[in-house]
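Reader: Could you walk me through how some labels are assigned in this model? I would like the value and the cut-off side by side.

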Amino acid sequence: MNFFKKISLTIVTLSIIASLSLTFTGCPKAPVTEEPTTTEEVEFKAAMATDVGKLGDKSFNDGVYAGLEKAGAELGVEIDVVMSEQQTDYVPNLTKLAEDGNDIVFCAGYMFGDSLKEVAEKFPDTYFGGIDIEYFDADFAPIDVPNVREILFKEQEVGYLAGVFAGLMTKEDSVDGINSDDVIGMVGGMKIPPVDRYIAGYIAGAKSVNPDIKVEVYYTETFTDPAAGKEAALAQYEAGADIVFQVAGLTGVGVFEAAVDKGSYAIGVDKDQSISSPDSAPVILTSAEKFLTQATFLTIKDALEGNFTGGDYRYSLENDGVGLSSFHEHEDIVPQEIKDAIETAKQDIIAGTIVPPEVVE
């Protein structure tokens, strides 16, 4: 394992020949001579294989890639990315990035589990960061390869805060776009643990402040189909929902389109989607964020500085790894009482007096 990935060696030799004081005038001083600076540098390379949502999903993949870009800008790291069109691309893509000499390779998405383990074992001198990769087989055995860091998040915690927000906000029927029905929605992509944790927390948070609320839940079984997301969200808005939380990657873009069409609201996921999807900002009240960019950046920094260790790294409210985004242009329509309720729930989760569920009941 190479623990010193970037070595910068600069040797500068300066020779000055001082002129001698001569007794006769007009005699010039000896010239000052300098030897050129020589710099020898070994580059550090970081790369990423996307899941099938690819870059441009405005949430998960984009958030991870932004961490590579941050490392490129702040640490001078050379970065690369390869797109996965289908799941059968996972092993070839990871293999290619390792063979290309990248010092650390990231893969984004729960479905990479088997592929990551297979490739990481073949390239023990390459570091790997598995975003949201918690288990690799049907027995739910954790990946246990020393050059793999599993970068995980307590989605249920920020999902709970989103539920507290939606459960209270749906009562504010004096706000344009909020109706008198006690209904909110939830559109998920595939039914996998990270998505389920968001949903379980969302439902629990909403019911904690509004026990009679109805939460419409629908899985599209895809992260790459905005039309499917729009269809699912339209059905929920027509069923009385005025706020729909999407946890569906690129599919979730369709939820925002539905909110625009219906004059209703949505909650974004993974990134602050009021920023990543600015055209939809008028309907995005907030976003349940996993701070993917920072987690990716810090993992690269650890590898670069020789501090990389494998294993399970889980980010939470307690260590500022997840959180609700700003309300941005909607700041004025969210009552202070709701903001206070969110903060109280956050502190109770950190203290352990509230433990959001991880599994949808």
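Reader: Which residues form one aromatic cluster with Y198?
Author: Y198 is grouped with Y202 and F245 in one aromatic cluster. Please keep in mind that this is a predicted model, where local features need pLDDT of at least 70 and side-chain atom pairs count only at pLDDT 80 or more, while totals for chains, interfaces and linings use all residues. Residues are numbered from 1 along each chain as its sequence is written, and side-chain values use heavy atoms, leaving out hydrogens and water.

Reader: How many aromatic pairs does the structure hold?
Author: There are six aromatic pairs in the structure.

Reader: What makes Y202 and F245 an aromatic pair, and why is it called tilted?
Author: The Y202 and F245 rings are 5.0 Å apart, centre to centre, with 55° between the planes. Rings of Phe, Tyr and Trp (its six-membered ring) pair if their centres lie within 6.5 Å; planes under 30 degrees apart are stacked, over 60 edge-to-face, and the rest tilted. So the 5.0 Å spacing makes Y202 and F245 a pair, and the 55° angle makes the pair tilted. The pair links distant parts of the chain: Y202 sits in helix α5 and F245 in strand β12 (residues 243–247), 43 residues apart. Helices (H or I, at least four residues) and strands (E, at least two) are DSSP runs, numbered from the N terminus.

Reader: Are Y202 and F245 buried or exposed?
Author: Both Y202 and F245 are buried, that is, under 20% relative accessible area with a 1.4 Å probe and protein chains only (exposed is over 50%, partly exposed in between).

Reader: How do you know that K70 lies over the face of F297?
Author: K70 is 4.7 Å from the ring centre of F297. A charge sits over a ring if NZ of Lys or CZ of Arg is within 6 Å of the ring centre and within 35 degrees of the ring normal. R149 likewise lies over the face of F308, at 4.9 Å from the ring centre.

Reader: Why is D132 called buried?
Author: D132 counts as buried because its relative accessibility is 5%. D132 lies in the loop between β8 (127–131) and β9 (148–153).

Reader: What is the phi of D132?
Author: The phi of D132 is near 65°, a positive value in a residue other than glycine. Most residues other than glycine have a negative phi.

Reader: Why does D270 count as buried?
Author: D270 has 7% relative accessibility, so D270 counts as buried. D270 belongs to strand β13 (residues 265–270), and its phi, near 70°, is positive in a residue other than glycine.
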